[in-house]
Amino acid sequence: MTASTISPDTRNTFESTIGGYTVGTRAHSLSAWFVLALRLMMGWAFAYSGFTKIVAAEPFSAGGYLANVAATNGNPIAGLFAWMGSTPWFVEVANVAVPWGELFIGLGLLVGAFVRLAAFFGALMMLMFYFGNWDIAHGVINGDFAYMLVFLAVAAFGAGRILGLDTYIEQYKIGGQALLERYPILEYVLG
């Protein structure tokens, strides 16, 4: 269905049913701009964070954070963080995965390519930061948790289709058929 064939009554509406409960609403026409702003904000924050870690004079090291932070803050998964921090191969993987992951997640969001995949890994990183920076003195919601939800919202709203490359990637023709039509599973990484 093209934009011109969608009735005005169904544009900007969404609905979901989970466990027998259905929620739905109509979004304001400006919603797309706010979703785009969230995508670009998180993209810039992650690209900048990753880039500064990569070009820093001292190489990025996750070992001290992983080994020490969780043990001092009452973290419910402190044992997992202790294991990660005391396992040399894991620390080496984290030393590469964190800065480069941040950079690639950020770049994906900035250009709007593979946005759902980037947002998933961004949300996963924020979940790990949430537990690593565990502090419930003011409740269980903190900035890391909020950023995780922003990533999930960016993915859910298909923000890569809003002035992003995902629109073009999805429509790329292979054998006369659009990529997303040919491989519907790609909907989980594009958009």
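The legends below describe views of one predicted model.

View 1. Helices (H or I, at least four residues) and strands (E, at least two) are DSSP runs, numbered from the N terminus. The elements follow the order β-β-α-α-α-α-α-α-α-β-β-α from the N terminus on. The C-alpha trace spans about 55 × 40 × 25 Å along its principal axes. Of the 191 residues, 32% are buried, that is, under 20% relative accessible area with a 1.4 Å probe and protein chains only.

**View 2. Helix H3 (residues 78-86) meets helix H4 (residues 88-111).** Their axes, lines fitted to C-alpha atoms over the stretch in contact, come within 5 Å and cross at roughly 90°. H3 is therefore roughly perpendicular to H4, a term for angles of 65 to 115 degrees, on a scale from 0 to 180 degrees between N-to-C directions. Trp83, Met84, Gly85 and Ser86 of H3 are in contact with Pro88, Trp89, Phe90 and Val91 of H4; contact means heavy atoms within 4.5 Å.

**View 3. Leu124 lies in helix H5 (residues 115-132).** Because its relative accessibility is 38%, Leu124 counts as partly exposed, the class between buried and exposed, where exposed means over 50%.

Residues are numbered from 1 along each chain as its sequence is written. Local features need pLDDT of at least 70, side-chain atom pairs count only at pLDDT 80 or more, totals for chains, interfaces and linings use all residues, and side-chain values use heavy atoms, with hydrogens and water left out.

Definitions and conventions:
Parallel < 35°, antiparallel > 145°, perpendicular 65-115°, else oblique.
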